[in-house]
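Here is a friendly note to read with the model open beside you. Take the points in order, and find each part on screen before you go on to the next one.

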Amino acid sequence: MEFDKEVDATGLNCPLPILRCKKGLSEIGGAQVLKVISTDPGSVKDFNAFCAQTGHELLQLDEVDTSFIFYIKKRVN
Amino acid sequence: MAKKLALIASKGTLDWAYPPFILASTAAALDYDVQIFFTFYGLTLLKKDLSDLKVSPLGNPAMPMPVPMPNFVQMLPGMESMATMMMKQKIADKGVASIEDLRTACLESGVKFIACQMTVDLFDFKPSDFIEGIEFGGAATFFQFAGESDVNLFI
């Protein structure tokens, strides 16, 4: 999947993956896609909750080995 | 309009320093307006020097220990420093953020810190003990924000 920016939160624990994701989203424009890599098993539920509450769209979630890869489309304000 | 979160941080130990900063930084990431009112021992969390933050195994039977440790051993000199060192090592090993990092994340995302003026006077703290960018106020100041908040927590 194509993306505009990548954030690597490998090895980081709650709430850091969400905080890095938020920072990454602030550095791209509306409708652009952010890729986030996390190894925190709790981040699957957290990223769904994050997107549900903020209006960003979780386009895709891939599980590769022990990593979770999220593709998030930034909401257009 | 953004939702609002009001927290009271009243504890000054390394373990209890986490909940207010985790919740505040996460809420800010979720576009909440956030204020934390730091009172009594919680004021320690606003100091420039966070080395006072320790964790004590004493009176905390739920704290996981490598070997069972009765209270009379936990009270020995050096045990608190050892428990703190072990906790900090675990925090680093597990990729958990440091308190400094979480506090910075809060400030960068616009979380407002309010130091309880009464406690500052009570404990003879100096304004220069604290980090920049905080405000000083009392209970009424807290309620101005808390009264219109969606979530209020005392920690």
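1. **The sheet of chain A.** In chain A, 4 strands make an open sheet with mixed pairing, and their order is β1-β2-β4-β3. Two strands pair here if DSSP finds at least two bridges between them. The edge positions belong to β1 and β3 (57-64) of chain A; each has a single partner strand, so one side of each is left without a neighbour in the sheet. From one strand to the next, the twist averages 15°. Angles run from 0 to 180 degrees between N-to-C directions, and axes are lines fitted to C-alpha atoms, for helices over the stretch in contact.

2. **What you are looking at.** This is a predicted model, in which local features need pLDDT of at least 70 and side-chain atom pairs count only at pLDDT 80 or more, while totals for chains, interfaces and linings use all residues. Residues are numbered from 1 along each chain as its sequence is written, and chains are lettered from A and ligands numbered from 1 in the order in which they are written. The helices (H or I, at least four residues) and strands (E, at least two) are DSSP runs, numbered from the N terminus.

3. **How the strands pair.** Strands of a sheet pair through backbone hydrogen bonds, either parallel or antiparallel. You can find both kinds in chain A: β1(A) and β2(A) are parallel, with 5 bridges, whereas β3(A) and β4(A) run antiparallel and are joined by 7 bridges. To see one bridge of each pair, look for Asp8(A) with its partner Ile37(A) in β2(A), then Glu63(A) with its partner Phe68(A) in β4(A). Helix α2(A) packs on the sheet, where it touches β2, β3 and β4 of chain A, and its direction makes about 170° with that of β3(A).

4. **From β1 to β2 by way of a helix.** A right-handed β-α-β unit is made by β1(A), α1(A) and β2(A). Right-handed says that, with the strands pointing away from the viewer, the path from the first strand over the helix to the second runs clockwise. The loop between β1 and α1 of chain A holds Pro15(A), and the peptide bond from Cys14(A) to Pro15(A) is cis, with omega near 5°.

5. **A buried helix.** A residue is buried if 20 or more other C-beta atoms lie within 10 Å of its own, exposed if 12 or fewer, and partly exposed in between, with C-beta atoms placed from the backbone. The cover over the buried residues includes β1 (5-9), β2 (33-38), α2 (43-54) and β4 (67-73) of chain A, together with α1 (18-29) and α4 (99-108) of chain B.

6. **One residue up close.** Ile18(A) is in helix α1 of chain A, and it is buried, with 24 other C-beta atoms within 10 Å. Leaving aside neighbours within four places in sequence, Ile18(A) is in contact with Asp46(A), Phe50(A), Thr26(B) and Ala29(B); contact asks for C-beta atoms, placed from the backbone, within 7 Å.

7. **Where the chains meet.** Chain A brings 11 residues into contact with 11 residues of chain B. On the chain A side, α1(A) gives the most, with 4 residues. That side divides into 6 nonpolar, 4 polar and 1 charged. Ala, Val, Leu, Ile, Met, Phe, Trp, Tyr, Cys and Pro count as nonpolar, Asp, Glu, Lys and Arg as charged, and the others, Gly among them, as polar.

8. **Two helices crossing.** The axes of α1(A) and α1(B) come within 9 Å and cross at roughly 30°. Their crossing is left-handed, a term for a near helix turned anticlockwise from the far one by less than a right angle. Here Ile18(A), Lys22(A) and Leu19(A) meet Ser25(B), Thr26(B) and Ala29(B).

9. **Two loop residues in chain B.** Asp31(B), in the loop between α1 and β2 of chain B, has a positive phi near 70° although it is not glycine. Asp124(B) also has a positive phi, near 55°, and is exposed, with 7 other C-beta atoms within 10 Å.

Definitions and conventions: Contact = placed C-beta atoms within 7 Å.
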